[in-house]
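Let's take a walk through this model together. Keep the sequence and the picture side by side as you read.

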Amino acid sequence: MATREPCRREIQRCYRSRDYEMYFWLLWVFPSGEKHLNTCSHTAVDCMANESDQKFPTHFSEDKLATPGDSMPLNPTQSDLERYQDEDLPAEEMTQIEKLLRDNPKLMAKLERLNEQRNAGVHSFAAIWRRDRLSCPDREQLRSYLRRLGAISDKHRSYIEFHLEKIGCQICKANLADLERQRDESTEDSAVRRQRIFQSSVGYLQK
Amino acid sequence: MWKDAWKDLIARYEGRLLAFAQSRLPNDSEEVVQDTFMGFDYSLPNYDDKRCLEAYLFAICRHKLTDRLRHKGRRPTVRLPGGSTSGRGNELSGGIPTPSYLVRSDERRDIEEKALSRAISEQVDYWQQRGDWTKLKCVELLFVRDWANNKVASDLGITEQQVANFKHDFREKVKSALKRPDVFPELYE
């Protein structure tokens, strides 16, 4: 069966009928849509949240978020804000965005609109990638990375470092910190802490 | 029996959850971890055992962390749809549920997300097995960090044309994997 390329009118129809999920899907998967998105000065947040705009977007507001790739955190991108909402940025960047949000009502409005989309169930490619941990090294790989074992190649090691530092995956960082603690902490210390958590929670369990 | 299972769960995940919470709330991290395990117990009836348990626990931990930070006044309160500052909204601004929201059920959304996740995962696994780390880094920076092509090229020491090629290739692969009549009939004819 032949693949049907949606024309601009179909994308337009999705937007007008507020079928935002399909609208962005079409923009994302079809080159024609991508071209539109690239030439359009709207941000995705504006586009999806501005319900009063019944026209197909041809221009965007001037208070758009940062251009992707701008340095964090003075100009957080949509992805940065999503990660902020998910507590998935390094602590320093989280703190800086918190401060920015207090001082910048426009940024707060952007975050609120982003929340509206998420609550309405709009897919976010990056959020799915992060939530399902699609490129995260497993714990054994992290252990090899930490102990500098030969089980992983230098290029693989370089990728893990990239994932930890440049992508800033907080779950992998937590796993690595845990492995480091296991190496350095006495077994007795961790056993006492676990027992404390067990004792304080076991009485409340719904059996 | 169930006490042993509970103890095992704590032994297995407590350390990594604690490390995660400590980065944000060093003084209350143990309480956050305890709340996380309790939250897991409460949410067990809704837990889909096909989901990764670790990711699920971290998701609960994030919520508990956010609650505590908000309670301490460290995290600004974000207004949710309908003027509420808590709870889960189900409509866009204006208080009127969108037609798309009503039509596209949670179930459908779940199917779509799983299909997308599977499509990305296949490509990521393929690159990892082949040792195509540069391609993976490139796509991850583009889609997860939201970096621009030129910045990715500069950071990875490759040309912008290569970045564009990797991006195009990745999109085509994912697009192709999504062309299934049971998932995205709109893309299939």
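Start at B:Leu18, which touches B:Ser29, B:Glu30 and B:Val33 once its neighbours within four places in sequence are set aside. Being in contact here means that two C-beta atoms, placed from the backbone, lie within 7 Å. You'll find B:Leu18 in helix H1 (residues 2–22) of chain B. A helix is a DSSP run of H or I with at least four residues, a strand is a run of E with at least two, and both are numbered from the N terminus.

Is B:Leu18 buried or exposed? B:Leu18 counts as buried because 23 other C-beta atoms lie within 10 Å. The cut-offs are 20 or more such atoms for buried, 12 or fewer for exposed, and partly exposed in between. Looking along the chain, B:Ala5 is 13 residues away from B:Leu18, and their C-alpha atoms are 19 Å apart.

Before going on, a word on where this comes from: the model is predicted, so to speak of local features takes a pLDDT of at least 70, side-chain atom pairs count only at pLDDT 80 or more, and totals for chains, interfaces and linings use all residues. Residues are numbered from 1 along each chain as its sequence is written, while chains are lettered from A and ligands numbered from 1 in the order in which they are written.

Now for the cores. A nonpolar core is a set of buried Ala, Val, Leu, Ile, Met, Phe, Trp, Tyr and Cys residues joined through C-beta atoms within 7 Å. The largest one has 44 residues, and B:Val33, B:Cys61 and A:Ile171 are among those with the most contacts inside it. H1(B) gives this core its largest share, seven residues. Another core, of eight residues, lies apart from it and includes A:Tyr84 and A:Met94. In general, nonpolar side chains tend to be buried together in soluble globular proteins.

B:Cys61 has its own contacts beyond four places in sequence: B:Leu17, B:Phe20, B:Ala21, B:Val32 and B:Thr36.

What about chain A? It has 12 helices and zero strands, and 33% of its 207 residues are buried. Its mean pLDDT (the predictor's confidence in each residue, from 0 to 100) is 73, with 62% of residues at 70 or more.

| Helix of chain A | Mean pLDDT |
|---|---|
| H4 (residues 44–49), lowest | 45 |
| H10 (residues 154–165), highest | 94 |

Over residues 1–6 of chain A, pLDDT stays under 50. Where pLDDT is low, the predicted coordinates should not be read in detail.
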